[in-house]
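Let us walk through this model together, beginning with the words we will need and then moving from the whole chain to single residues.

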Amino acid sequence: MALRSLLAKDWALEVDTRAPSATEPQWTRVNGLTSFSETTDDNTEDDGDFDSDGWGSTVVTQRTWSIEAEGKRKRTDAATFTPDPGQEAIRKAGRVVGFAANISVRWYRRDGSPDAYQGTATVSGFTKGGAVTDLEPFNFTLNGQGSPKEIPNPATQTGVSGVLGAEAVEAG
């Protein structure tokens with residue numbers, strides 16, 4: 001069997017929009033994404049010594065993660081302006097400072113791949129605007145707070161609300 005490339009469009013990003021008194025997460029998809037990139041940055045320190053016959057060595061002493069995303073701002077067709085709830089949660093979090101700026105996010109592939117993670121992040125640089133003839137774009141960076149946790153992929157879980165459930169309803 002031939003190997004096939006994964007499609008970048010299969011990533012989904014969700015933000016926890018639960019009410020302050022709620023105990024269970026309310027995962028809300030960030031719609032309108034046109035680009036998604038998760039990266040890590042490693043801090044390394046030289047671990048070489050005289051006993052290594054001239055060969056160097058490094059040790060990773062810290063890792064950080066971030067997600068860069070961009071897309072088109074979305075709203076409903078209703079007469080009253082109603083923004084996409086996921087985009088709005090990210091936009092609002094991008095205006096908060098300090099520990100109150102932390103949000104819970106999860107990201108995963110919708111194609112059944114085991115890539116699925118959850119973590120706490122702050123929003124940096126939510127940018128919006130554009131020229132008179134543009135569809136309004138947005139972009140932001142999520143800066144990880146601590147280690148992201150690998151989770152069971154929500155797209156493959158039965159009874160879990162999220163992207164796969166919505167697509168199944170539309171297809172049915």
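Contact here means heavy atoms within 4.5 Å. With that in hand, S66 is in contact with S37, E38, T39, T141, L142, N143 and G144, leaving aside its neighbours within four places in sequence. Please keep in mind that this is a predicted model, in which local features need pLDDT of at least 70 and side-chain atom pairs count only at pLDDT 80 or more, while totals for chains, interfaces and linings use all residues. Residues are numbered from 1 along each chain as its sequence is written, and side-chain values use heavy atoms, with hydrogens and water left out.

Now for the overall picture. The chain has two helices and eight strands, where helices (H or I, at least four residues) and strands (E, at least two) are DSSP runs numbered from the N terminus. Their order along the sequence is β-β-β-β-α-β-β-β-β-α. The radius of gyration is 19 Å, well over the 16 Å that the globule rule gives for 172 residues, so the chain is more spread out than a compact globule. That radius is taken over C-alpha atoms, and the rule is 2.2 Å times the number of residues to the power 0.38. Along its principal axes, the C-alpha trace spans about 75 × 45 × 40 Å.

Of the contacts in the chain with a separation of 6 or more, 61% are between residues 24 or more positions apart. Buried residues make up 28% of the 172; buried means under 20% relative accessible area, exposed over 50%, and partly exposed in between (1.4 Å probe, protein chains only).

Let us return to S66, which sits in strand β4 (residues 58–72). S66 is buried, with a relative accessible area of 15%. At a relative accessible area of 31%, E38 is partly exposed. Besides S66, E38 touches I67, W107 and Y117, not counting residues up to four places away in sequence. E38 and W65 are 27 residues apart in sequence, and their C-alpha atoms are 7.2 Å apart in space.

Several of these names come back when we turn to the aromatic residues. W65, W107 and Y117 form one aromatic cluster. The structure holds six aromatic pairs. Rings of Phe, Tyr and Trp (its six-membered ring) pair if their centres lie within 6.5 Å; planes under 30 degrees apart count as stacked, over 60 as edge-to-face and the rest as tilted. The rings of F138 and F140 have centres 5.9 Å apart and planes at 5 degrees, so this pair is stacked. Both F138 and F140 are buried.

Where does Q145 lie? Its place is the loop between β7 (137–144) and β8 (149–150). Q145 counts as partly exposed, at 37% relative accessibility. Not counting residues up to four places away in sequence, Q145 touches W65, N102, T120, A121 and T122. Q145 and Q87 are 58 residues apart in sequence and 20 Å apart in space, C-alpha to C-alpha.

A last stop is D53, in the loop between β3 and β4. D53 is exposed, with a relative accessible area of 73%. Its phi is near 55 degrees, a positive value in a residue other than glycine.
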